[in-house]
Amino acid sequence: MSRGKSGRTRNEERGSTKPKATSSSLVPRSFRITDCHIHIQPWRQLKPAVMETMRRGKEDRFEFLLSLMDDPKLLLRIMDEEGIDRVGMVNYPSPDLMGFTNDTNDFAARYAEADPRRLIPYGGVHPRFAKDPAGEVRRLVDLGVRMLKIHPNHQCFPANAYTDGLDALGALYKACEDHGLPVMIHTGTSIFPGARSKWGNPMEMDDVAIDFPDLPLVMAHGGRPLYMAEAFFILRRHRRVWLDLSGIPPKGLLGYFPRIAELEAQLLWGTDWPSPGVESMRRNVDDFLGLDLPESLKRAALEGNPERLLPTRA
């Protein structure tokens, strides 16, 4: 077993512990798990107040996490240790609130070069700042970005703001639709300073799904913790909208979505790691496998559905 300078294992240095046994007959190693939502971003761009919020609760391993943002080989080693085959690396520009500039897109593309099969880069275009939204989407595609992230809370507009004058957002959606580039939209709240949680209501996705019928849409977080009823309505009305399970504590999933079995074909596994409150990718997988849910649903979320949306590239 590999140990660090402190004499502790690498998992112990990261603050994680041995996962508890699951009551499911399935184990993580029996899947080719894709975690569709982790945060590998240029954290050194974060504004000081945002950085302090990110640091809270993980002071003992924050320097490790900062180094993780610089070293894809370190991430790949963690993925190997935790039985994670692929990850979707969320990135998006939010220069005025979070600190992330458009360089976040180049960062994601460079990071993914370490293993293009396993590291899936996401990027973004900020419609309040973009001069040529369609051109910027085309550049993302040329960079190899596999999904575009819209974060209404951090970019300060609702997901349907094109219906109220933000024409650049409509142009962005249309360009993604034309390129077949999936769009992930944050729903629910955010704890970061300045975040506008009122724009996290999934109902705004209703307009987007109607107005861009061929655009693959991913609803991140299922509106947690305030908008689950709205999220479930949208997901049942628009069966081509995917539900990214990240940010929902797995042990509470059935409380948030008691009828989740109806959404089996739309579920995407995600953890939001290493965001506040998420200790490890593997622990969330273990907790999910321990739920009283059909094994077909677990396999669909962890393996089958992510492969349908984001097919593995050699």
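**Close-up views of a predicted model**

**View 1. Helices α5 and α6 run roughly parallel to each other (angles under 35 degrees count as such).** Their axes come within 10 Å and cross at roughly 15°. Axes are lines fitted to C-alpha atoms over the stretch in contact, with angles from 0 to 180 degrees between N-to-C directions. α5 covers residues 103-112 and α6 covers residues 133-143. Helices are DSSP runs (H or I, at least four residues) and strands are E runs of at least two, numbered from the N terminus. The crossing is right-handed, meaning the near helix is turned clockwise from the far one by less than a right angle. Asn105, Asp106 and Ala109 of α5 meet Arg139, Leu140 and Leu143 of α6, with contact meaning heavy atoms within 4.5 Å. This is a predicted model: local features need pLDDT of at least 70, and side-chain atom pairs count only at pLDDT 80 or more. Residues are numbered from 1 along each chain, and side-chain values use heavy atoms, without hydrogens or water.

**View 2. A cis peptide bond runs from Arg224 to Pro225.** Its omega is near 0°. Pro225 sits in the loop between β6 (217-220) and α10 (228-237).

**View 3. The loop between β8 (267-268) and α12 (281-289) holds Pro274.** A cis peptide bond joins Trp273 to Pro274, with omega about -5°. Asp272 lies in the loop between β8 and α12. Asp272 is not a glycine, yet has a positive phi of about 75°.

**View 4. Cys156 has a positive phi of about 65° without being a glycine.** Cys156 lies in the loop between α7 (152-155) and α8 (167-179). Cys156 is partly exposed, at 21% relative accessible area; this class runs between the buried limit of 20% and the exposed limit of 50%.

Conventions: Angles under 35 degrees count as roughly parallel, over 145 as roughly antiparallel, 65 to 115 as roughly perpendicular and the rest as oblique. Buried means under 20% relative accessible area, exposed over 50%, partly exposed in between (1.4 Å probe, protein chains only).
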